[in-house]
Amino acid sequence: MKRLLMVSTISRFLRDFLMPFAWHFREKGWQVDALTSDIAAFPECAEPFNHVWEVNWSRSPLDPMNFRETPEKVRRIVAEEGYDLVHVHTPVAALVTRYALKGLRRQGKTKVIYTAHGFHFHPHGTFPKNQLFYATEKLAGAWTDYLVVMNREDEASARKGRFVPDDHLMYMPGIGVDLQRYRQDAISAEAVAEVYQTLGITPGTPYLLMVAEYIPRKRHADALQAFARLENRQVHLVLAGSGFLEEQMKGLAASLGIADRLHFLGFRRDVRAYVRSAYATVLPSSQEGLPRCIMESLAFGVPAIGTDVRGTRDLIHGGAGLLVTLGDIPGLAQAMDWLLAHPAEARHMGETGKQQMAAYELNAIIQHHELLYAQALQEVELTLPYTLPVAVESWTPAER
């Protein structure tokens with residue numbers, strides 16, 4: 001029996017992204033376990049796994065607590081359970097786990113795969129942090145058997161920085177979207193009607209939707225300030241998510257005089273209905289890996305407006321929406337107004353995005369994982385299926 005351990009910093013990540021992979025490989029006869037923190041917050045995440053181990057670590061990659069007791073616990077669990085593969089996601093878990101298992105790897109007792117959901121160094125980061133995070137990825141690459149990246153800029157940077165050998169670097173288009181769940185007819189008319197009733201607006205009234213945690217890099221303030229500039233005063237802006245900046249954004253909305261057309265939903269489990277009903281989605285963030293909210297929007301055929309940053313750029317290419325320069329609030333407002341004034345073009349962009357999402361379909365991504373795992377276990381000789389386009393530029397903090 002093959003033994004696979006999936007690792008994430010928080011249990012919500014297991015629930016939101018990794019459960020289909022656990023079910024798939026268990027159905028193939030594998031033992032599939034997980035290792036994460038705060039299981040009590042999302043107990044449903046444990047269902048598809050044979051066993052879930054709990055560890056304590058901070059979400060801050062610089063917190064010393066991550067290197068006190070946790071590495072020894074991770075090392076002991078992996079050694080005692082005899083996992084053939086350890087597949088780790090999210091930056092903190094990735095760093096600590098790879099550090100903890102470097103000795104077992106050298107002994108040939110396990111293979112370690114890391115999927116990077118967006119490197120922490122990027123063109124809009126501060127110089128000291130970029131230098132630190134780049135050096136960390138370079139160091140941890142030596143403790144990694146296979147590195148998976150999900151946007152072309154990260155692929156180029158990892159290849160240029162030689163984080164792992166070229167034949168151990170794989171570009172994979174995301175973690176997968178179940179396109180059946182994001183068909184327009186997957187959301188009932190009753191669910192759509194409930195969206196408008198909850199918002200307190202007339203059915204069919206156009207609204208823009210931003211789905212994001214209230215943290216600085218998502219730049220909610222840019223969305224609000226751009227929305228305040230719109231010529232179209234009938235449109236509404238809906239914000240879904242939670243986070244420590246939410247109250248600050250409510251204050252900003254009041255000061256901008258847009259509170260009557262702004263809706264703060266908080267964290268929603270039924271966000272699909274809001275995405276399905278939106279005129280367009282908006283994401284003005286400064287840093288992304290491959291934004292799930294944009295993927296879900298395009299899967300529904302809803303166009304997106306986003307900043308021209310890695311990940312977002314990958315998804316909105318080829319006419320699936322509009323890209324704007326980071327921090328360009330007038331440009332963001334202009335993009336919103338243009339899309340609202342051109343409904344036929346907006347629908348065409350949505351259809352283009354829906355077609356492009358076929359490459360990100362969940363079952364296809366699961367098949368990519370099967371091939372990668374077979375390669376790691378030396379069951380097949382795999383020629384990695386993606387090549388780096390010449391047009392994509394690598395980025396390292398020393399160059400910008």
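Strand β1 (residues 3–7) pairs in the parallel sense with strand β4 (residues 85–89) over four bridges. Pairing requires that DSSP finds at least two bridges between two strands; strands (E, at least two residues) and helices (H or I, at least four) are DSSP runs numbered from the N terminus. The model is predicted, with local features needing pLDDT of at least 70 and side-chain atom pairs counting only at pLDDT 80 or more, while totals for chains, interfaces and linings use all residues. Residues are numbered from 1 along each chain as its sequence is written, and side-chain values use heavy atoms, with hydrogens and water left out.

**Sheet**
- L4 has L85 in β4 as its bridge partner.
- Helix α1 (residues 11–27) packs on the sheet and touches β1, β2 (31–36) and β4, contact meaning heavy atoms within 4.5 Å.
- The direction of α1 makes about 170° with that of β2; axes are lines fitted to C-alpha atoms, for helices over the stretch in contact, and angles run from 0 to 180 degrees between N-to-C directions.
- Seven strands form an open sheet with parallel pairing, in the order β3-β2-β1-β4-β5-β6-β7.
- Because β3 (51–54) and β7 (169–171) stand at the edges with a single partner strand each, one side of each is left without a neighbour in the sheet.

**Residue M249**
- M249 lies in helix α9 (residues 246–256).
- M249 counts as buried because its relative accessibility is 4%, the cut-offs being under 20% relative accessible area for buried, over 50% for exposed and partly exposed in between (1.4 Å probe, protein chains only).
- Not counting residues up to four places away in sequence, M249 touches Y214, H220, A221, L224 and F264.
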